[in-house]
Amino acid sequence: MLTILFVGLNFVNGIAMIIANRNWFNSLDELQRKIQLEALGITLGLTVIIGITYSLLDTTNLIAADAEIGFLVGIIGITYMVSLLIIRKRYT
């Protein structure tokens, strides 16, 4: 029962985060919005490519370890930060 409660809490927290991000994006000016959307697009693309490749490597047993979602979350964070820094530098 406790597990179900915390899974539900995690889901509600995710919804609240989406709403907070939407409000934050709506408060940005045009240039900042463009920079953020470009960084998010790069992050999404690379995450899909890396995630599918990583999953296939695990499914076909070409890697010894199991594919863990934590690795993909780390890739998302690193990709977003690096792409954001590069794009911001380009516009300054």
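**The largest pocket**

Guide: The lining of the largest pocket holds four nonpolar residues, two polar ones and no charged ones. Here Ala, Val, Leu, Ile, Met, Phe, Trp, Tyr, Cys and Pro count as nonpolar, Asp, Glu, Lys and Arg as charged, and the others, Gly among them, as polar. This is a predicted model: local features need pLDDT of at least 70, side-chain atom pairs need 80 or more, and totals for chains, interfaces and linings use all residues. Residues are numbered from 1 along each chain as its sequence is written, and side-chain values use heavy atoms, without hydrogens or water.

Which residues line the largest pocket? They are Met-17, Asn-21, Leu-40, Thr-43, Ile-76 and Tyr-80. Helix H1 (2-27), helix H2 (30-59) and helix H3 (69-91) each give two or more residues to this lining. A helix is a DSSP run of H or I with at least four residues. The volume of the largest pocket is about 180 Å³. A pocket is an open set of points on a 1 Å grid where a 1.4 Å probe fits, with protein on both sides within 12 Å along at least five of seven lines; lining residues have an atom within 4 Å of a point.

Now follow the helices. Helix H3 also holds Gly-77. Gly-77 counts as partly exposed because its relative accessibility is 31%. Thr-47 is 30 residues from Gly-77 in sequence, and their C-alpha atoms are 9.9 Å apart. Val-12 sits in helix H1. Val-12 counts as exposed, because its relative accessibility is 52%. Buried means under 20%, exposed over 50%, and partly exposed in between (1.4 Å probe, protein chains only).

Notes:
Grid points are joined across faces, edges and corners, and a volume is the space filled by probe spheres set on the points.
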